[in-house]
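Dear colleague,

My notes on what was found in it follow.

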Amino acid sequence: MTLDNGEPPVHQAALFVCEHTSTDPVCKHQCVAWFRIKDRNKTREQMICQIFILSSKGDRLIYKDFRGEAGSDVVGTFYEKVTALTGDQPPVVMVTLCLCTHKDLHFIHVRQGGLYWVATTTDDSSPFTVIEFLNRLTALVKDYCGTLSEKLVQMNFALIYELLDEVLDYGYVQTTSSDVLKNFIQTEAVSSRPFSLFDLSNVGLFGAETQQSKVAPGSAATRPIQCSREQGGKSEIFVDVIERMSVVIGSNGVVMKADVEGEIKVKCYMSNCSEMRIGLNEEFSIGKSQLRGYGAAVRVDECSFHQAVRLDEFDSHRILRLCPSQGEQTVMQYQLSNDLPSAPPFRLFPTVERDSGGRLLMYMKLRCDLPPKTAAINVCATVPVPKGSVSLSQELSSPDQSSELKPQSRAVVWQIPRFPGGTQLCALFKLEVAGLSSASLLEVGPVGLSFELPKVTATGLQIRFLRLSPVQPGPSQRWVRYVTHSDSYTLRI
């Protein structure tokens, strides 16, 4: 028996269940893979032998063996191999011989929440498929536990084991849909502390400083999707517009590269929301097409949407329609290259010289070109310094700044907790460098900058409205957050 396309029939237990009940085996956005079981004498594809979660120190937090084809000592073997690697750790770290079955054992892992999420397989599975599954598994655990951390995993080990039992059957993926799993998961998440809407300790995450500004605290969007009302389980929906900047500015101040990657994420805590309508800027355009509307142009080069998004009103009114599932999902992704609508947020004016005492002097003046009513937070400038730097003394323009010399990485780290727009800060670093020469001055830089910009989008993308249908009974809240992160921000000296 064969299918119309000549393929052998698909085994019932091996077909992945799409989150949107799609039977298309090549669905890129929701289906992890199309799993097939071949003849017994042939290799079985996309089969996972073990799943385990390790702390950053190698402590085993979660371990589940689905097939018994490899011993539990593989946990120690994996950690020894992965920690022995230098630089960035590749997702597939090793291929070794499994002595018990005389098969090759593949370790595939991702890093999320400071933890190692590892899958092992003895078959010729696609590593991209397994990596995608691990990423979906981490998102699923985050939905049910609220956030990812070693403490939360330890507190919710029973819930995570229950999720693994439902997600994987004898090593084959069944579903990663929170809407499907909510009918089977009975264990409630354990939070590190009860959630309270009036807890303002983390309110800065959503860009507010007072309760009167009607902004949700940062912990509001990190609670479990099954959170009870006693734990603050209100009927709420959160929309995040998150952008990441990659900028290179030359020593002459000319912008050499300016790319932005963005996404719109939705996290839903509503169990009966049939449709959500998200209105974007009316003048939003894709590519170099004709501008729309009467406002300032908001343009991106490329744009892709979640397959659940209906676009029948997008061309005419720039409205996205979808039925949100409980948990977090990425609704839209977009990209803009080398065409920022405004100036880069930071400029650096450096002076590097050698003083009469033989010390290296670095005078850094950093200017924030954001609007005056906005501010950057968690700003960190990393300045590479010459080899042989042994000590540092500094003069900083404000007391909340700090700096330190890190000899192992050969860099001076300058940290600024809050940087208001339209201002500039200065720092003078005096370095004792063994064997300082004129050539040593060339080893300074380039400066790497990391930061976070609350309430700011580099592209200018805004949410005009957020409407739910049908109108939710009882009190419901809708929150929108804008934030821009630095992906790679380099300032050449």
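A nonpolar core is here a set of buried Ala, Val, Leu, Ile, Met, Phe, Trp, Tyr and Cys residues joined through side-chain atoms within 4.5 Å. Please keep in mind that this is a predicted model.

By that definition, the largest nonpolar core has 40 residues, and those with the most contacts inside it are Phe346, Met362, Leu366, Trp414, Phe419 and Leu449. Leaving aside residues up to four places away in sequence, Phe346 touches a set of residues that includes Ile249, Leu366, Val379, Phe419, Leu449, Phe451 and Leu491. A second, separate core of 32 residues includes Val110, Trp117, Leu168 and Leu181.

Turning to the strands, an open sheet is formed by 4 strands in the order E16-E17-E22-E19, with antiparallel pairing. Its edge strands, each of which pairs on one side only, are E16 (346–354) and E19 (389–396), and the twist from one strand to the next averages 20°. E19 pairs with E22 (residues 424–433) in the antiparallel sense over 7 bridges, and Ser393 stands opposite Lys430 in E22.

On confidence, the mean pLDDT of the protein chain is 78, with 75% of its residues reaching 70 or more. Among the elements, strand E23 (residues 447–454) has the highest mean pLDDT (95), whereas strand E3 (residues 92–98) has the lowest (58). The pLDDT is below 50 over residues 1–45, a stretch that has 73 contacts in the model beyond near neighbours in sequence; it is also below 50 over residues 194–217, where the corresponding number of contacts is 44. Where pLDDT is low, the predicted coordinates should not be read in detail.

Best regards

Definitions and conventions
Residues numbered from 1 in each chain as written. Predicted model: local features only at pLDDT ≥ 70, side-chain atom pairs only at ≥ 80, totals over all residues. Heavy atoms only, no water. Buried < 20%, exposed > 50% of the residue type's maximum accessible area, 1.4 Å probe, protein only. Contact = heavy atoms within 4.5 Å. Pairing = 2+ DSSP bridges. Helix = DSSP H or I, 4+ residues; strand = E, 2+ residues; numbered from the N terminus. Axes fitted to C-alpha atoms, helices over the stretch in contact; angles between N-to-C directions. pLDDT = per-residue confidence, 0-100.
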